[in-house]
Amino acid sequence: MLRDDHMLRLAEQVGSAIAAGLAEGGPRTTTGMSDDLATLCRQHVGIDLTIVLGLSPDGLREVLAQSGPSSVPKGAALAEILLAQGRLAELRGDRAVVVPCHVHAFHLLRTFGPSVRAADLGVHEAKIAATADRLRELGLSAYVAQEASRRPDAAGFSGPLS
């Protein structure tokens, strides 16, 4: 349980750290922060970020599911890392990274949604909606509609985010 709590804290802190880093600006911002996110992904999720971006959403689900009970907190942390990486890629104008980051984050957010604590459900649903809106802006309305028609828990993750 301690590891799960650590992963949840990581997921919550990634967004805050990225926002603070972007506010600071400077030449190191996007490249250095992207490197930091890649390191976080390897250390705390156990997957290289470049591998994550090369997987299909279902392939990523299968890789995370191999983590057993820790797949839910790892998925939560990875969704935050992907959203942050997507924002940094947008600043660089790197659509080749923006799209898979948002696609995977959307899939992960929907997948572990049934495990979110009731107190966090509103924030979680807002994050899903914002990610869906961004995907529509990127021209992926059909993907959003397709995913919305699937059961969010179809990925097989189980267990509450506590």
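Which residues of the largest nonpolar core touch the most other members? In the predicted model described here, local features require a pLDDT of at least 70 and side-chain atom pairs count only at pLDDT 80 or more, whereas totals for chains, interfaces and linings use all residues. Residues are numbered from 1 along each chain as its sequence is written, and side-chain values rest on heavy atoms, with hydrogens and water left out.

The largest nonpolar core holds 37 residues, and those that touch the most other members are Val-45, Val-52, Leu-78, Leu-82 and Leu-108. A nonpolar core is taken as a set of buried Ala, Val, Leu, Ile, Met, Phe, Trp, Tyr and Cys residues joined through side-chain atoms within 4.5 Å, and buried means under 20% relative accessible area, with exposed over 50% and partly exposed in between (1.4 Å probe, protein chains only). At least two residues of this core come from each of helix 2 (29-45), helix 3 (49-54), helix 4, helix 5, helix 6, helix 7 and helix 8. Helix 5 gives the most to this core, with 11 residues.

The protein as a whole comprises 8 helices and 0 strands, so assigned because helices (H or I, at least four residues) and strands (E, at least two) are DSSP runs numbered from the N terminus. Read from the N terminus, the elements accordingly run α-α-α-α-α-α-α-α. Of the 162 residues in the protein, 47% are buried. The accessible surface comes to about 7,800 Å², and carbon and sulfur atoms account for 56% of this surface; accessible areas come from the Shrake-Rupley method with a 1.4 Å probe, and for residues only the protein chains shown count as cover. Among contacts (heavy atoms within 4.5 Å) with a separation of 6 or more, 71% are between residues 24 or more positions apart.

Helix 8 (residues 141-149) carries the buried residues Tyr-143, Val-144 and Glu-147. These residues cover an arc of only 100° around the axis, which puts them on the same side of helix 8, the arc being that of the directions from the helix axis to the C-beta atoms. On the other side of helix 8, by contrast, Ala-142, Ala-148 and Ser-149 are exposed. The buried residues of helix 8 pack against helix 4 (57-65), helix 6 (95-112) and helix 7 (121-137).

The structure holds 1 aromatic pair, where rings of Phe, Tyr and Trp (its six-membered ring) pair if their centres lie within 6.5 Å, and planes under 30 degrees apart count as stacked, over 60 as edge-to-face and the rest as tilted. The pair is formed by Phe-106 and Tyr-143 and is edge-to-face, at 6.2 Å centre to centre and with 65° between the planes. Distant parts of the chain are linked by this pair, as Phe-106 lies in helix 6 and Tyr-143 in helix 8, 37 residues apart. Both Phe-106 and Tyr-143 are buried.

Side chains of opposite charge can pair when their charged atoms come close. The structure holds 8 salt bridges, each defined as a side-chain nitrogen of Lys or Arg within 4 Å of a carboxyl oxygen of Asp or Glu. One of them joins the side chains of Arg-134 and Glu-90 (3.1 Å, N to O). Arg-134 lies in helix 7 and Glu-90 in helix 5 (residues 71-92), so the pair ties together parts that are 44 residues apart in sequence. Glu-90 counts as partly exposed, at 31% relative accessibility. A further salt bridge joins Glu-62 and Arg-61 (3.6 Å, N to O); Glu-62 is partly exposed, with a relative accessible area of 46%, whereas Arg-61 is buried, with a relative accessible area of 19%. These two residues also belong to a network of salt bridges that links Asp-58, Arg-61 and Glu-62. The side chains of Asp-94 and Arg-92 likewise meet in a salt bridge (4.0 Å, N to O), in which Asp-94 is partly exposed at a relative accessible area of 26% and Arg-92 is partly exposed at 34%.

Gln-85 lies in helix 5 and counts as buried at 8% relative accessibility. Leaving aside residues up to four places away in sequence, Gln-85 touches Ser-34, Leu-37, Leu-49, Val-97 and Cys-101. His-124 is placed in helix 7 and is buried, with a relative accessible area of 8%. His-124 and Arg-110 are 14 residues apart in sequence and 9.1 Å apart in space, C-alpha to C-alpha.
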